[in-house]
Amino acid sequence: MEMWVRGNTMKLVHLFLLQPADVGMVERPTPTVKVQPADHVLMGERVTLTCEIESGDYWNYEWYKNNNLLSDAKRKEYEISNVGQYHAGVYTLKVTPTITSGYEGAVLTGNTVTLYCTLPQSAGWTFYWSKHTQSPEKKTTTNTYTISSVRVSDGESNKAMVNIKPDKQVFKGEPVTLRCDIQAGGDTEWTYSWYKDDSLYPNRRTQEFPISSVTESNAGKYTCRGERTNDLQKSEISDAVTLTVSDVAQAVLSVSPQSWLTEGDSVTLSCEVTGSSTGWTFSWYRAVPYRQGLKQIRDAHGNVMYGVELLSDSRREAGGSYTLSPAALHHTGVYVCRAERGEPAYQTQYSSPQPLWITGTSPPASLIISPSRSQHFSGHSLSLSCEGQSDSTGWRVRRYTHSGEVSDCSSVTGSTCNISSLYTSHTGVYWCQSESGGGSDPLNITVHNGDVILDSPVHPVTEGDSLTLRCLYRSTKPSNLTADFYRDGSLLQTQTTGEMIIRTVSKSDAGLYHCKHPEKGESPKSWLSVRGSSSSGAPVSVLSLLSSLMAVSPYLLVSIVLGVKCYRAGGVYFVGKNTGNVEC
């Protein structure tokens, strides 16, 4: 059969791949090709090439031009709608039988599959099986070919994968959901098997494996696999994922750049969860004296330390930071934070309290202390009052003791607090707080059980003034009044009168002072702060505030001394968390 396109010959050559083993047994299907409309083709005409083969439509068709596959020609008919010169060439046709398997969907790796070569009559034929990566061909005398364990190169990889929410690192009591996902699983229905430490979990056949409240017994390595419900093929088993269960989650609160600052500065509270960083949202609270309706925070002995009050502008956010900018006097106080995640929400423990001390140039109130000194003997009395209350009502004297308690001062009458008998537990930072948020500069009070205290001013000393420091004794004065006076750990003077006089105070006199008697012992240390004769800005306020931090923790003694030395050098200081080294 020949066709001409303006003198060019178009030949149709038929290639059939199957050869009969015994020609006498069966009749080989004979393909024929028809060309329409005629053998002679003119430019611009429509031409249809049709392959006809006996024994039913069980075939796959591939058309070629000049031995190049025509990618859009996959049917028994191939049509050229508008014949042109470029259509001239040698056309061939490849006819192959249809291959099917026993599965409706993709064959999963690791499973057994049988392929069927579909012919109307399969007896008497030799079958050759091949794939693009296989050489030589596989030969069978039946129309079936079995692959005992499908590999990725044979079929589709459907490996299972374990996902854990909220995280692989969780805490006791937290809700956890494990999920088994099948790669390229599509919309197929699956049933699932779960394994912990290579042991099958009974009665766990769903995609999700929820644990409402994890315990340490739930920790381990988890794997899963899926099984298709329509043909029972199994996926590859997943890689193991380790679930770690830790003790109760603890929030940790830190302050940057520092806890002591001047009105107008910026400060950021940062909250994080020890050992975990995934999926948490954070809330910030102020620690206040406990009252009904607030959450109680107790110490290890069950004593109520304070209540927590959610900050009005605190929002549960993924970022663990809360910034006060600018900081104001009413921000003075003690803060805690907490984190939560999951549904239902799992909440951490509240963080340890973190104080913020803000000093102002003109606070609305001043805390007056009588006797007016920073150190006091246990068993003695003390009176504190808020004065100059210009713009607020409901003033109270509030304190944060070295034990971590936040409370209003005992024996309060209006804005005055009278303590008839002091205990060392009264040691702490005291300040005035009004109902409307007004405040005073915070001051430090130290209560000492020993026989010697230093009579040093509780308020900052003005530059240029005269100052007298004295060693005071619990009982009657000793016959020998000789005392040594120290600043920042170095001996300054030895005075037989028990007094040290600084005639004209300068900023260089600021520091950590204590005195020592050869027989009675030595006093605690107290910070002496110096302010300028006129407003001198933030540095003086910082020194004043350092005075109020003294009683919160003995650890601060060394930090404060080194901090001031750095301050004098024009720098800042920090203490390394791991090394304990102090650098300027």
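Predicted model: local features only at pLDDT ≥ 70, side-chain atom pairs only at ≥ 80, totals over all residues.
**Exercise 1. Getting an overview**

Find out how many helices and strands the protein has, and what share of its residues counts as buried.

*Solution.* Start with the secondary structure: the protein has 2 helices and 51 strands. Next, look at burial: 44% of the 584 residues count as buried. Last, turn to the contacts with a separation of 6 or more: 62% of them are made by residues 24 or more positions apart.

**Exercise 2. A serine in a loop**

Decide whether Ser259 is buried or exposed, and find the side chain with which Ser259 makes a polar contact.

*Solution.* First locate the residue: Ser259 sits in the loop between β21 (251–256) and β22 (260–262). Then check its relative accessible area, which is 13%. Buried means under 20%, so Ser259 is buried. Now search for partners beyond four places in sequence: Ser259 is in contact with Gln354, Pro355, Leu356 and Trp357. With Gln354, the side chain of Ser259 forms a polar contact of 2.8 Å.

The loop between β21 and β22 also holds Pro257. The peptide bond from Ser256 to Pro257 is cis, with omega near 10 degrees.

**Exercise 3. Another serine**

Work out which backbone nitrogen lies 2.7 Å from a polar atom of the side chain of Ser434.

*Solution.* Begin with the location: Ser434 is in the loop between β38 and β39. Its relative accessible area is 6%, so Ser434 is buried. The backbone nitrogen in the task belongs to Gly438.

**Exercise 4. Inside the nonpolar core**

Identify the residues of the largest nonpolar core that touch the most other members.

*Solution.* This core has 25 residues, and the ones to pick out are Val47, Leu49, Tyr61, Trp63, Tyr78 and Val95. To see where the core comes from, go through the strands: β4 (47–52), β5 (59–65), β7 (77–80), β8 (90–101), β9 (113–118), β10 (127–129) and β12 (144–147) each supply at least two residues. Now take Tyr78 by itself: among the residues it touches beyond four places in sequence are Val47, Leu49 and Trp63. Apart from this core lies another, of 24 residues, including Ala251, Leu329, Ala339 and Tyr346.

**Exercise 5. Exploring a pocket**

Describe the second largest pocket by its volume and by the kinds of residues in its lining.

*Solution.* The volume comes to about 640 Å³. Of the 29 lining residues, Arg286, Val288, Glu309, Arg398 and Gln433 are the closest to the centre of the pocket. Several strands give two or more residues to the lining, among them β24 (281–288), β26 (304–310) and β38 (428–433). Sorted by kind, the lining has 12 nonpolar, 9 polar and 8 charged residues.

**Exercise 6. Backbone angles**

Compare Asn67 and Asp197: what is phi in each, and are they buried, partly exposed or exposed?

*Solution.* Keep one background point in mind: most residues other than glycine have a negative phi. Asn67 has a positive phi, near 70 degrees, and Asp197 has a positive phi near 50 degrees. Asn67 is in the loop between β5 and β6 (68–69), while Asp197 is in the loop between β16 (190–196) and β17 (199–200). For exposure, the cut-off is over 50%. Asn67 has a relative accessible area of 67%, so this residue is exposed. Asp197 has 41%, so this residue is partly exposed.

How values were computed. Residues numbered from 1 in each chain as written. Heavy atoms only, no water. Helix = DSSP H or I, 4+ residues; strand = E, 2+ residues; numbered from the N terminus. Buried < 20%, exposed > 50% of the residue type's maximum accessible area, 1.4 Å probe, protein only. Polar contact = N/O pair within 3.5 Å; in protein donor to acceptor, adjacent residues only side chain to side chain. Contact = heavy atoms within 4.5 Å. Core = buried A, V, L, I, M, F, W, Y, C linked by side-chain atoms within 4.5 Å. 1 Å grid on protein atoms, 1.4 Å probe; cavity = no way out; pocket = protein on both sides within 12 Å on 5 of 7 lines; lining within 4 Å. Points joined across faces, edges and corners; volume = space filled by probe spheres on them. Nonpolar A, V, L, I, M, F, W, Y, C, P; charged D, E, K, R; others polar.
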